[in-house]
Amino acid sequence: MGSLQLPVAHLSEKTELIRAEVREFLTNEQDKGTFEPRCDQWLNGYSPELTKKLGEKGWIGMTWPKKYGGHERSALERYVLTEELLAAGAPVGAQWIADRQTGPLLLRYGTEEQRTEFLPKIAKGECYFAIGLSEPNAGSDLAAVRTKAVKTEGGWLLNGSKIWTSGAHHAHYMITLCRTSPLDPEKRHAGMSQLLVDLSAPGVTIRPIYAMTGEHHFNEIIFEDVFIPENRLVGEEGNGWKQSMTELAYERSGPERILSTFPLLQELTYQIQQRGDAQLMTHVSMLVARLWTLRQMSIGIAHMLEKGETPDIAAALVKDMGNKFEMQVAEITRLLIPTSPSVSAASRLDRLMAESILQAPGFTLRGGTTEVMRGIVAKGVIKK
Ligand SMILES: Cc1cc2nc3c(=O)[nH]c(=O)nc-3n(C[C@H](O)[C@H](O)[C@H](O)COP(=O)(O)OP(=O)(O)OC[C@H]3O[C@@H](n4cnc5c(N)ncnc54)[C@H](O)[C@@H]3O)c2cc1C
């Protein structure tokens, strides 16, 4: 059996410089009323206004080449930025997917035409993307994807459906995993491709699926003979599985897998400080110590990404541990102080508690379930 290596990386002084700048910006935005801190806002929060401002500050596509509208900053600088956005509970769902995974995917596999057309718009905070992987019978078993694209003159005709698609009703485009060759039961991962689909194209229907919060976050998307021009194939025909796995590594590796309930932890700390109860504060300190460890591991992953490595096994491990932590913040808050969770409560603590409890069931599903993450870690470590 092999061992899992995670480098011990530190954020340098230069990297830390951006933290104060982002913090000041976000505090000003809160004071102006652009947003108030909420839990899980990297996926559920949507503010075109804030996204546009972040684009103007150069905080979307930060690591991308300047010729595509990027800013050539380091992955660790981007790490600090994302950490601050998450800690502030800022509504950044509009740009999150495009910044985190679509941009890097197009940089790695996209054509020059695709990069030139899409990356500058994403970096300006004007173009949003959705993730088109899951289908009604293809979630953990993604190789069961049945959405199909058939060659036609000048492109493809797409038919099928996707489900649980976050923010598709806001997004302009979606990278869609589909079959471009018939399924071969012996080689289930072969014959898939990624198509860049315009969600406003004729034949695309987006239907809401309401979450238990009552919010419209998810969607079901139906494709009926949707024409996809041939220049919208991403990467190589038939290489969709490998490309999607690269995309998932970006999707699973960030600090959003440990910080979705950070605004609640911050409010809990404040409330207990106000009470001056040392014993309760010990419990909070234990939570913070766990967070610090997870953060160190998460920075290690960012460091590996910076070096061009694909830390898929380490990312799966941190995602699993991080998701558990995010959920326990609400559990431990409940045990430490009385709360009456309600999304419309007057008290910030009660509101943040309600958001955490209602969003928590999705933490261990989105981006791959706990069981799937543990399978990746077990198989990966044994193979090494
Ligand atoms: C908040 C949220 C946002 C999402 N956003 C998107 C999105 O934008 N785009 C997108 O494509 N998808 C999205 N998803 C879907 C998500 O990726 C799937 O829910 C997830 O991959 C699990 O698939 P499933 O729901 O079909 O469950 P299933 O795969 O049916 O799993 C059901 C249960 O069986 C277990 N299981 C399955 N296979 C195995 C196995 N081999 N070994 C052990 N246990 C197993 C699972 O762990 C799980 O507990 C989102 C989900 C959530 C909750």
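Predicted model: local features only at pLDDT ≥ 70, side-chain atom pairs only at ≥ 80, totals over all residues.
Residues are numbered from 1 along each chain as its sequence is written, and side-chain values use heavy atoms, with hydrogens and water left out. Helices (H or I, at least four residues) and strands (E, at least two) are DSSP runs, numbered from the N terminus.

- Helix α9 (residues 278-306) packs with helix α10 (residues 312-336) at an angle of about 165 degrees, and their axes are 10 Å apart; axes here are lines fitted to C-alpha atoms, for helices over the stretch in contact, and angles run from 0 to 180 degrees between N-to-C directions.
- The two helices α9 and α10 are therefore roughly antiparallel to each other, on a scale where angles under 35 degrees count as roughly parallel, over 145 as roughly antiparallel, 65 to 115 as roughly perpendicular and the rest as oblique.
- The residues that make this contact (heavy atoms within 4.5 Å) include L280, V284, L287 and L291 of α9, together with V318, F325, V329 and L336 of α10.
- Helix α4 (residues 75-87) and helix α5 (residues 93-109) pack at about 160 degrees with axes 13 Å apart, and are therefore roughly antiparallel as well.
- The crossing in which α4 passes α5 is left-handed, and the contact is made by R78, T82, L85 and L86 of α4 with Q95, W96, D99 and R100 of α5.
- Helix α1 (residues 13-32) and helix α3 (residues 48-56) have axes that come within 13 Å and cross at roughly 150 degrees, and the pair is therefore roughly antiparallel.
- The crossing of α1 and α3 is right-handed, and here F25, E29 and K32 of α1 meet L50, K53 and L54 of α3.

**Nonpolar cores**

- In soluble globular proteins, nonpolar side chains tend to be buried together.
- A nonpolar core is a set of buried Ala, Val, Leu, Ile, Met, Phe, Trp, Tyr and Cys residues joined through side-chain atoms within 4.5 Å, and buried means under 20% relative accessible area, exposed over 50%, and partly exposed in between (1.4 Å probe, protein chains only).
- The largest such core holds 80 residues, of which F129 and L265 touch the most other members, and helix α9 gives the most to this core, with nine residues.
- A second, separate core has 20 residues, among them A149, A171, C178 and I221.
- If neighbours within four places in sequence are left aside, L265 is in contact with V284, L287, V288, L291, F325 and V329.

**Strands**

- In a regular strand the side chains alternate between the two faces of the sheet.
- Strand β1 (residues 129-132) is covered on both faces, with F129 and I131 buried on one side and A130 and G132 buried on the other.
- β1 pairs with strand β4 (residues 173-179) in the parallel sense over four bridges, where strands count as paired if DSSP finds at least two bridges between them; the bridge partner of F129 in β4 is Y173.
- Strand β7 (residues 216-229) pairs with strand β3 (residues 155-163) in the antiparallel sense over eight bridges, and W156 stands opposite I228 of β7.
- β7 also pairs with strand β6 (residues 204-210), in the antiparallel sense over seven bridges, and there E220 of β7 is the bridge partner of R207.
- β6 and β7 form a hairpin with five residues between them, and G214 in its turn has a positive phi of about 90 degrees.

- Most residues other than glycine have a negative phi.

**A loop residue**

- S342 is found in the loop between α10 and α11 (348-363) and is partly exposed, with a relative accessible area of 27%.
- Apart from neighbours within four places in sequence, S342 is in contact with D350, R351 and A354.

Terms used. Left-handed = near helix turned anticlockwise from the far one by under 90°.
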